[in-house]
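User: I would like to go through this model with you, one residue or contact at a time. Please show it first.
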Amino acid sequence: MSALFDFQSFLTVVLLTICSCTYYKLINPGGLTQTTGFRGLFWKAARIGERLSPWVGIACVAMGFSTLLS
């Protein structure tokens, strides 16, 4: 099933995107400089990961337990 139709899969994709973009921005700070357009979505995801990192971490742990238990 597509991740767009299943809410848990959609949340997993969003969390993985946020975590991946944040990691990429930490490794390569000049890589996500465009703040508009399609590439701007990745910049925004990295910004969310930077500013809300404790909450994103808790959400990743919760999603991991949810995946293990389902």
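User: To start with G49: is it buried or exposed?
Analyst: G49 is buried, with a relative accessible area of 7%. Buried means under 20% relative accessible area, exposed means over 50%, and partly exposed lies in between, with a 1.4 Å probe and protein chains only. This is a predicted model, in which local features need pLDDT of at least 70 and side-chain atom pairs count only at pLDDT 80 or more, while totals for chains, interfaces and linings use all residues. Residues are numbered from 1 along each chain as its sequence is written, and side-chain values use heavy atoms, with hydrogens and water left out.

User: Which helix holds G49, and what does G49 touch?
Analyst: G49 is found in helix α2. Helices are DSSP runs of H or I with at least four residues, strands are runs of E with at least two, and both are numbered from the N terminus. Not counting residues up to four places away in sequence, G49 touches I18, T22 and V56; contact means heavy atoms within 4.5 Å.

User: And where is Q8 relative to G49?
Analyst: The two are 41 residues apart along the chain, and their C-alpha atoms are separated by 19 Å.

User: Stepping back, how many helices and strands are there?
Analyst: The protein has 3 helices and 0 strands, and the pattern read along the sequence is α-α-α. Its C-alpha atoms fill a box of roughly 40 × 25 × 15 Å, taken along the principal axes. Of the 70 residues, 20% are buried. Among contacts between residues at least 6 apart in sequence, 52% join residues at least 24 apart.

User: How do α1 and α2 cross?
Analyst: Their axes come within 7 Å and cross at roughly 90 degrees, which makes α1 roughly perpendicular to α2. Axes here are lines fitted to C-alpha atoms, for helices over the stretch in contact, and angles run from 0 to 180 degrees between N-to-C directions. Angles under 35 degrees count as roughly parallel, over 145 as roughly antiparallel, 65 to 115 as roughly perpendicular, and the rest as oblique.

User: Which residues meet there?
Analyst: From α1 there are T17, I18, C21, T22 and K25; they meet F42, W43, A45, A46, R47, I48, G49 and E50 of α2. By class, this contact of α1 with α2 has 7 nonpolar, 3 polar and 3 charged residues. Ala, Val, Leu, Ile, Met, Phe, Trp, Tyr, Cys and Pro count as nonpolar, Asp, Glu, Lys and Arg as charged, and the others, Gly among them, as polar.

User: What about C21 and F42?
Analyst: C21 lies in helix α1 and is buried at a relative accessible area of 8%. F42, in helix α2, counts as partly exposed at 30% relative accessibility. Beyond neighbours within four places in sequence, C21 is in contact with L32, F42, A45 and A46, while F42 is in contact with T17, C21 and L32.

User: Now the other pair. At what angle do α1 and α3 pack?
Analyst: Helix α1 (residues 7–27) and helix α3 (residues 53–69) pack at about 140 degrees, with their axes 11 Å apart. That makes α1 oblique to α3. The contact is made by Q8, L11, T12, L15, I18 and C19 of α1 with V56, A59, C60, M63, S66 and T67 of α3. The contact of α1 with α3 divides into 8 nonpolar, 4 polar and no charged residues.

User: What does M63 touch?
Analyst: Not counting residues up to four places away in sequence, M63 touches Q8, L11, T12 and L15.

User: Finally, which residues make up the largest nonpolar core?
Analyst: That core has 9 residues in all: L15, I18, C21, L32, W43, A45, A46, V56 and M63. Each of α1, α2 (38–51) and α3 supplies at least two residues of this core. A nonpolar core is a set of buried Ala, Val, Leu, Ile, Met, Phe, Trp, Tyr and Cys residues joined through side-chain atoms within 4.5 Å.
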